[in-house]
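Student: I have a new structure open and would like to learn how to read it. Could you walk me through a few features?

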Amino acid sequence: MRKVSILGATGSIGQNTIDLIKRAPDEYDVVALTGARNIKQLAEDAKDLRADIAVTADPNLLGELRDALAGSGIEVAAGQQALVEAGARNADWVMSSIVGAAGLAPGLEALKQGASLALANKESMVCAGALVKATAKQNDAHVLPVDSEHSAVFQGLIGEDMKAVERIIITASGGAFRDWPMEKLAGATPAQAATHPNWDMGQRITIDSASMFNKALEVIETREFFEVLPDIIEVLVHPQSMIHALVGFNDGALMAHVGPPDMRHAIGFALHWPERRKLPVERLDLAALSQLTFRAPDETRWPALRLAREVMQAGGHTGAVFNAAKERALDHFIAEKIGFMQMAEVVEEVLTRLSAQSGLTNAEMTLDSVLEMDHLARKSADEIIAGT
Ligand code: NDP
């Protein structure tokens, strides 16, 4: 039996992972499941999957978790350190699907004990790509992409020579406001931004899809995962979300990955890699689809894409600053303290204010240095929003 853990089990990716695991319960020995606020779901899944331990990120909810699992024999724990320890538990395969930079430290622990890390948590690569890759290398561990675009590129590169790769194109649905008139965007509400036309995802990533901060993170993640030059990475608006990415080669060929918008494909690919196994996803009828459309992204509408290029250019710890500033700007947007278009303004200002400090090189990157830059960027974003 394969030992598996799911960090962020109660979220959208976590639940899709559990769906796949529950279909073949005899193949998996579930070690750790983690969540934050959704104790009911965490306890229910821990019991169903007979996990060794259930962990909540929120220490205030430990009592509730303990009560929900009383008599089950399942260990319980809470807090940041407990999450890190959950990642360090011996497992063959670990899903990293906590949202935000909080997913970095537990994922690094999984790599340190040699597990294959299925990385949905794109923030890990954006904030600390060099550290994640070095940790994997030192421990002979694999990092497998779970973002649908990166899984698509990964699959498109199987058996290929990276020297022949000319372009990597990742697609974007354009999110909730793709066709809104520009002048309406300033007044867009969090509830409006949290409605995705194609994908059913967590609230934060759905809003990040509307602002294209999600795509900006994915562009940086592409550079880190595949170690390509920033200028060969392109973003293409594709409203139907059927083609997830394309790889272009030096003979002019473009290899596209086509599939329905169902994360169980990318999760299942990472779960069974290097094998391909049957997965419970819809088989596409291309004749019924009939129309796939594409357009270039407008960077006035989505300034996050321009910022992503600047972040890649600057390198070092700039990814950690970008992500943390974005997370804080998003918190303030959700709390209705700033408008939709102000998120990018705040992030740009934080990048400017911290440009001198974020220039530390990749070789100087440690978990502490990344967390320090993350902290400074959050503080700076708060100050900018408070007008100080
Ligand atoms: P959700 O918001 O649905 O789930 C997030 C998970 O993280 C939940 O288990 C949540 O617990 C937990 N969590 C929240 N805050 C913290 C914290 N501070 N510390 C520890 N755990 C926490 O997110 P998604 O599943 O949508 O996304 C997860 C990650 O995967 C993100 O990085 C996202 O960008 C990426 N991703 C998601 C895709 C999708 O289709 N959803 C596609 C590709 C990538 P609880 O719910 O109990 O509060």
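This is a predicted model: local features need pLDDT of at least 70, side-chain atom pairs count only at pLDDT 80 or more; totals for chains, interfaces and linings use all residues.

Student: How many residues surround the ligand, and which are the closest?

Tutor: The ligand is surrounded by 25 residues, and the closest are T10, S12, A36, R37 and E123. Sorted by class, the shell holds twelve nonpolar, nine polar and four charged residues.

Student: Which backbone atoms lie by an oxygen atom of the ligand?

Tutor: Take S12: a backbone N or O atom of this residue is 2.9 Å from an oxygen atom of the ligand. For V99, a polar backbone atom lies 3.4 Å from a ligand oxygen.

**Salt bridges**

Student: Next, how should I read a salt bridge?

Tutor: Here is the general idea: side chains of opposite charge can pair when their charged atoms come close. In this model, the count comes to 31 salt bridges, taking a cut-off of 4 Å between the side-chain nitrogen and the carboxyl oxygen.

Student: Where in the chain do R89 and E75 lie?

Tutor: R89 is in the loop between α4 (80–88) and β5 (93–96), while E75 is in strand β4 (residues 75–78). They are 14 residues apart, and the pair links distant parts of the chain. The closest N and O atoms of this salt bridge are 3.0 Å apart.

Student: Are R89 and E75 buried, partly exposed or exposed?

Tutor: R89 counts as partly exposed because its relative accessibility is 26%, and E75 counts as partly exposed because its value is 40%.

Student: How many residues apart are K112 and E109?

Tutor: Three, which is about one turn of the helix, and both residues lie in helix α5 (residues 104–112). K112 and E109 form a salt bridge whose closest N and O atoms are 3.0 Å apart. With a relative accessible area of 46%, K112 is partly exposed.

Student: Why does T318 count as buried?

Tutor: T318 is buried because its relative accessible area is 6%, and buried means under 20%. This residue lies in helix α15 (residues 318–334). A polar atom of the T318 side chain is 2.6 Å from the backbone oxygen of G315. Setting aside neighbours within four places in sequence, T318 is in contact with V311, L351 and S358.

Student: And what does P190 contact, leaving aside its neighbours within four places in sequence?

Tutor: P190 is in contact with I207, F333, I334 and E336. P190 and I207 are 17 residues apart along the chain, and their C-alpha atoms are separated by 7.3 Å. You will find P190 in helix α9 (residues 190–193), and at 11% relative accessibility P190 counts as buried.

Methods:
Residues are numbered from 1 along each chain as its sequence is written. Side-chain values use heavy atoms; hydrogens and water are left out. Helices (H or I, at least four residues) and strands (E, at least two) are DSSP runs, numbered from the N terminus. Buried means under 20% relative accessible area, exposed over 50%, partly exposed in between (1.4 Å probe, protein chains only). Contact means heavy atoms within 4.5 Å. A residue is near a molecule or strand if one of its heavy atoms lies within 4 Å of it. A polar contact is a pair of N or O atoms within 3.5 Å; within protein, one must be able to donate a hydrogen and the other to accept it, and residues adjacent in sequence count only if both atoms are side-chain atoms. Ala, Val, Leu, Ile, Met, Phe, Trp, Tyr, Cys and Pro count as nonpolar, Asp, Glu, Lys and Arg as charged, and the others, Gly among them, as polar.
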